[in-house]
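Welcome! Please take a look at the model below, and then we can walk through it together.

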Amino acid sequence: MQLKFNVEDGCLIVEMHGELDHHSAEGVRIKIDNKIEELGVNKLIFDFTGVNFMDSSGIGVIIGRYKKLKDYDGKVAVVNLKPQIKKIFELSGLFKILNEYKTVQEALLSL
């Protein structure tokens, strides 16, 4: 899993490429947590542009970052979900705690 970090309007944007599964989840979690701490941000956008597979470990990464930022009165959003990834979000109930947007710009305006 490759991660590309960008900060815009005080929001950390994480563009992900690869598979978010049990092999990559721990590394993704560590890298994102380190970046959140380094930058001191409380808004996070997961950009799923390059993610073609996600399992329950990926759900754990998303929920964990949500809980972490919630403690700092923060917000988390997701963008660019492929249909099969969106289905996982729907079935797991992730949309009850975070919102999906079509673009990063749309998410930035809403956070």
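## Around Leu44

Leu44 touches Cys11, Leu12, Val14, Ile32, Ile36, Arg65, Leu69, Lys75, Val76, Ala77 and Leu111, leaving aside residues up to four places away in sequence; contact here means heavy atoms within 4.5 Å. This is a predicted model, where local features need pLDDT of at least 70, side-chain atom pairs count only at pLDDT 80 or more, and totals for chains, interfaces and linings use all residues. Residues are numbered from 1 along each chain as its sequence is written, and side-chain values use heavy atoms, with hydrogens and water left out.

## The nonpolar cores

Leu44, Phe46, Phe48 and Phe89 have the most contacts inside the largest nonpolar core, which has 26 residues. Such a core is a set of buried Ala, Val, Leu, Ile, Met, Phe, Trp, Tyr and Cys residues joined through side-chain atoms within 4.5 Å, buried being under 20% relative accessible area (1.4 Å probe, protein chains only). At least two residues of this core come from each of strand E2 (11-20), H1, strand E3 (43-54), H2, strand E4 (75-79) and helix H3 (83-92); helices (H or I, at least four residues) and strands (E, at least two) are DSSP runs, numbered from the N terminus.

Apart from this core lies another, of ten residues, including Ile13, Val79, Leu108 and Leu111.

## Leu3 and its neighbours

Now to Leu3, which lies in strand E1 (residues 2-8). Leu3 and Lys31 are 28 residues apart in sequence, and their C-alpha atoms are 8.4 Å apart in space. Among the residues Leu3 touches, not counting those up to four places away in sequence, are Val14, Met16, Val28 and Lys31.

Technical notes: Buried < 20%, exposed > 50% of the residue type's maximum accessible area, 1.4 Å probe, protein only.
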